[in-house]
Amino acid sequence: MSTIPEITDIDVLYSAPKLTSARTRWTQLSVAFEQMYGRVPEFIARSPGRVNLIGEHIDYAGFGVLPMAIEDDCLIAIARNPDASTVRLANTNPKYPVLEFTPHSADKGFVDIDPERHVWSNYFLAGYRGVLEDVGIKNPHGMLALMSGTVPTGAGLSSSSAFVCCAVNATLQAQKSLLPEGKLPSAHELAVISIRAERHVGTMGGGMDQACSILSKPKSAIFIEFHPVLKVTPVFFPVTVPPIAFVITNTLVTSDKAVTAPVRYNLRVVETRGAAAILARALGLTIPAVLKVHLKQVLDAHFEKVGFNYEGKTEAEADIEKLVEMGKIVERVFGTAEIKHGVDYKTMCEMAGMEEEEFRKLFIKHPIRAETFHLYRRAKHVYSEEKRVVQFRDTCEKAMVQEEAGTKVDAESLFVKLGGLMDASQTSCHSLFDCSCDELEELTVLARRAGAYGSRLTGAGWGGAAVSLVAEDKVPEFIAQIKTHFYGKHHPDLTPEQLDAAVFASAPSSGAATFVGHF
């Protein structure tokens, strides 16, 4: 497997409209590093944010998702200090305090990370620790580091995961001389390291953000599967007239996963795992992996037990048929009014056939706070959302086959199909997964009125951003309407620069890279 690519020019990372400003930023980072540390950086690690086009809150249920990397990213300029182990990390944004530390011994975990302290440097520490633990370095080199980030924080565009991934890449590059020959981890392995590393800050993510940030390819979205193993497949969009475009609109309602996780993100993980355990019991399934069951395992085990007729069906058709059937099973198992209203913790454990402490040890790895657990709505969302992901990918791939056969792809028909799936996803996120908010509801409605074929929340929800499918020739008009009717109403004091940062179109970006050139 290939490693994270080393590059000497950043033109492979950005579209033409954004390249000039990107060069200015990279140059300023290099100059600031030299002014701060008295030496030029040896390399600059880069990891992008991402926008999830469809597939919300299903990665940690074992299902595939379809994000794309965006051009906004995290950069960390690095110089090594082989004569000491001290690490100094600064940020080009002065509001973030400098971090300086000397790592502990390996048996003490190298660094202290307190998930209850929501500080920016935790994400760097998580990546740093994750690499050292995984590759077995016991006496790391010191590092001088300066970070620059343009992924909006709290917008659901994965600024935290971009930082963790960038820290993983930066730390590995700084320490690779200490690795045995031939032991440099592949990009795929670094994605897995990053997924595990981010859990040090107290969130139970499924892995979409890190896999997209590290493994994305230029000019495509990426279909990411997690079960039974991590697998990525580029998904390309056909050439259409007008071309397809995706516009990101930030509600400016901040959703900090680390702060709200006990009542939102981590709670949803527990609810989906609880639903999976109950479904497995109801269906008489034996699930491996010490009962740490998720909803994809339930689907696979069920159809392995009862069989499935694949004859005459494409892979997508078979997947859709299975997901529809699982939706019917959810109705059968969780369909009573009492369960649909939500159950308490004791009842959930009883339904799973577990003692309360047993359930807690298996499924609750991070703090949660809840009196009611909504098993029906969560499971219903997960299976229906994965069906939409399969349909979205299948629509794109069929269009590509049509294009390769020399037949023109009708833009209107394609956009209507994809947009309809995005709209249905938003409805499910709102009504079944309870991860929307008033501002997202308003913004997605405005987006459709402004000409979007579909609009949905992205990046977990509860604030953050929406993503809208728009014909490329309508993007300027669309953005102007959103600025007037949403930001003009809710944020009239934003400067033009702040408005441009809040609503923007992004081309699909490549994944992580290490710049080894000079500015």
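Reader: Is E271 buried or exposed, and which is R268?

Author: The model is predicted. Buried means under 20% relative accessible area. Both E271 and R268 fall in that class, so each of them is buried.

Reader: How far apart are the closest N and O atoms of E271 and R268?

Author: E271 and R268 are three residues apart in helix α7, which spans residues 265-282, so about one helical turn separates them. In general, an α-helix has 3.6 residues a turn, so residues three or four places apart point the same way. E271 and R268 form a salt bridge, and the distance between their closest N and O atoms is 3.7 Å.

Reader: Which residues are linked with R268 and E271 in a network of salt bridges?

Author: The pair of E271 and R268 is itself a salt bridge. The network that holds R268 and E271 also links R377, R378 and D434.

Reader: How many salt bridges does a search of the whole structure find?

Author: The criterion is a side-chain nitrogen of Lys or Arg within 4 Å of a carboxyl oxygen of Asp or Glu. Searched over the whole structure, the number of salt bridges is 28.

Reader: Which parts of the chain does the salt bridge between E42 and R80 tie together?

Author: The closest N and O atoms of E42 and R80 are 2.6 Å apart. The two residues are 38 residues apart in sequence, so their pairing ties together the loop between α1 (16-37) and β2, where E42 lies, and strand β3, which holds R80. E42 is partly exposed at 29% relative accessibility, and R80 is partly exposed at 22%. The parts tied together are thus the α1-β2 loop and strand β3.

Reader: Which strands hold E100 and R88?

Author: E100 and R88 form a salt bridge whose closest N and O atoms are 2.9 Å apart. The pair links distant parts of the chain, twelve residues apart: E100 is in strand β5 and R88 in strand β4 (residues 87-91).

Reader: Which strands stand at the edges of the open sheet?

Author: Seven strands, with mixed pairing, form the open sheet in the order β1-β13-β2-β3-β6-β4-β5. An edge strand here has a single partner, so one of its sides is left without a neighbour in the sheet. The edge strands are β1 (6-7) and β5 (99-101).

Reader: What is the bridge partner of N52 in β3?

Author: Strands of a sheet pair through backbone hydrogen bonds, either parallel or antiparallel. Strand β2 (residues 43-54) and strand β3 (residues 66-81) pair in the antiparallel sense, over ten bridges. In β3, N52 has as its bridge partner P67.

Reader: How many residues of helix α5 are buried?

Author: Helix α5 covers residues 208-215 and is largely enclosed by the rest of the structure. Its buried residues include M208, D209, C212 and L215.

Reader: How far apart in space are E404 and V445?

Author: E404 belongs to helix α13 (residues 375-404) and is exposed, with a relative accessible area of 64%. In sequence, E404 and V445 are 41 residues apart. From C-alpha to C-alpha, their separation in space is 35 Å.

Conventions
Residues are numbered from 1 along each chain as its sequence is written. This is a predicted model: local features need pLDDT of at least 70, side-chain atom pairs count only at pLDDT 80 or more; totals for chains, interfaces and linings use all residues. Side-chain values use heavy atoms; hydrogens and water are left out. Helices (H or I, at least four residues) and strands (E, at least two) are DSSP runs, numbered from the N terminus. Buried means under 20% relative accessible area, exposed over 50%, partly exposed in between (1.4 Å probe, protein chains only). Two strands pair if DSSP finds at least two bridges between them.
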